[in-house]
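Please look at the sequence and the model shown here, and follow the paragraphs below with both in view.

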Amino acid sequence: MAKTLNLTLKVWRQENREAKGRIETYAAKDIPVDASFLEMLDIVNEGLVKEGKDPIHFDHDCREGICGMCSLTINGIPHGPERQVTTCQLHMRKFKDGDTIWIEPFRAKAFPILRDLMVDRSALDRIIASGGYIDVRTGSAPNANNIAVEKVKAEAAFDAAACIGCGACAATCKNGSAMLFVAARVSSLAKIAHLNLLPQGQPERTKRVLAMMKQMEAEGFGNCTNQYECEAACPKGISVDNIARLNRDFIVANTKEGPLFKTLIRTPGGARARREFFIAPGNAANLCNRQKPGQVKHSRFPQDGAATNHKWTEE
């Protein structure tokens with residue numbers, strides 16, 4: 001196997017969110033196979049700077065697959081072709097000499113482009129701020145064993161807490177849905193699946209669900225397609241089981257607090273329509289049997305099988 005690669009890069013360039021974007025072609029020469037994808041871009045940028053050209057702008061921070069900052073769509077797949085790996089942990093040995101690689105930013109209505117491959121993901125922070133916390137007295141460090149937590153729930157909460165908040169789930173979804181993000185947990189800020197599984201999160205469980213779901217809708221994220229592309233693209237392998245749990249919590253929250261949301265289900269031809277109350281985006285099909293990520297999930301209701309254009313209204 002060759003120790004270096006020569007590649008052709010097709011890179012999205014855009015000066016700001018108002019400017020018109022375009023694809024530009026760059027040659028990436030003598031790239032070490034052991035370099036990461038971001039290190040490859042560093043090498044290309046060094047060459048551009050030496051030529052007096054504007055370097056390619058992209059997000060990055062820890063480069064250890066932890067912070068969730070890297071956000072590249074590589075050959076049409078958020079974070080690239082390798083499963084459960086962030087962009088910064090993707091290595092060039094996964095590509096072949098002479099390959100053409102298409103590099104674009106994360107695409108979602110709620111992620112406006114700032115410049116080139118950088119997008120504004122502050123919408124995810126606002127969802128957290130709307131309810132991803134618990135109201136408790138701070139300043140003390142209680143013993144971890146003071147509150148007993150069942151092993152099954154502790155492990156499920158830990159799995160949900162693996163979410164790094166990169167936004168790949170929304171970028172890969174054709175509806176730009178953030179259901180998996182809202183249903184999981186990011187960094188040290190707790191969200192629905194994490195807190196609602198633990199004793200500390202029970203007092204505000206219903207309020208948290210309604211507040212975060214409403215904020216998600218306000219940010220412009222779409223509805224769940226039931227195709228599970230989010231799980232397939234998630235670099236931490238967050239399960240769509242969390243979305244099913246979120247839907248159940250949402251039904252209960254609406255029952256307790258009153259119907260804050262309703263969903264209008266539009267049929268494929270628009271000739272028939274049916275209203276479902278107390279159902280989160282993606283309708284009741286999410287509560288049924290699961291299929292493998294990437295496969296289409298059909299609803300139990302034939303008239304809803306192809307309907308993904310759900311419109312939310314507030315009572």
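In strand 5, Pro105 has Leu72 standing opposite. Leu72 belongs to strand 3 (residues 72-74), which pairs with strand 5 in the antiparallel sense over three bridges; strands here are DSSP runs of E with at least two residues, helices are runs of H or I with at least four, both numbered from the N terminus, and two strands count as paired if DSSP finds at least two bridges between them. The model is predicted, so that local features need pLDDT of at least 70 and side-chain atom pairs count only at pLDDT 80 or more, while totals for chains, interfaces and linings use all residues. Residues are numbered from 1 along each chain as its sequence is written, and side-chain values use heavy atoms, leaving out hydrogens and water.

Strand 5 also has a parallel partner, strand 1 (residues 4-13), joined to it by four bridges, and here Thr8 stands opposite Thr100. In a regular strand the side chains alternate between the two faces of the sheet. Strand 5, which spans residues 100-105, has Ile101, Ile103 and Pro105 on a covered face and Thr100, Trp102 and Glu104 on an uncovered one.

Turning to the helices, the axes of helix 2 (residues 122-131) and helix 7 (residues 205-218) come within 8 Å and cross at roughly 155°, where axes are lines fitted to C-alpha atoms over the stretch in contact and angles run from 0 to 180 degrees between N-to-C directions. Helix 2 is therefore roughly antiparallel to helix 7, a term for angles over 145 degrees. The contact (heavy atoms within 4.5 Å) involves Arg126, Ile127, Ile128, Ser130 and Gly131 of helix 2, together with Arg208, Ala211, Met212, Gln215 and Met216 of helix 7.

Conventions. Buried means under 20% relative accessible area, exposed over 50%, partly exposed in between (1.4 Å probe, protein chains only). Angles under 35 degrees count as roughly parallel, over 145 as roughly antiparallel, 65 to 115 as roughly perpendicular and the rest as oblique.
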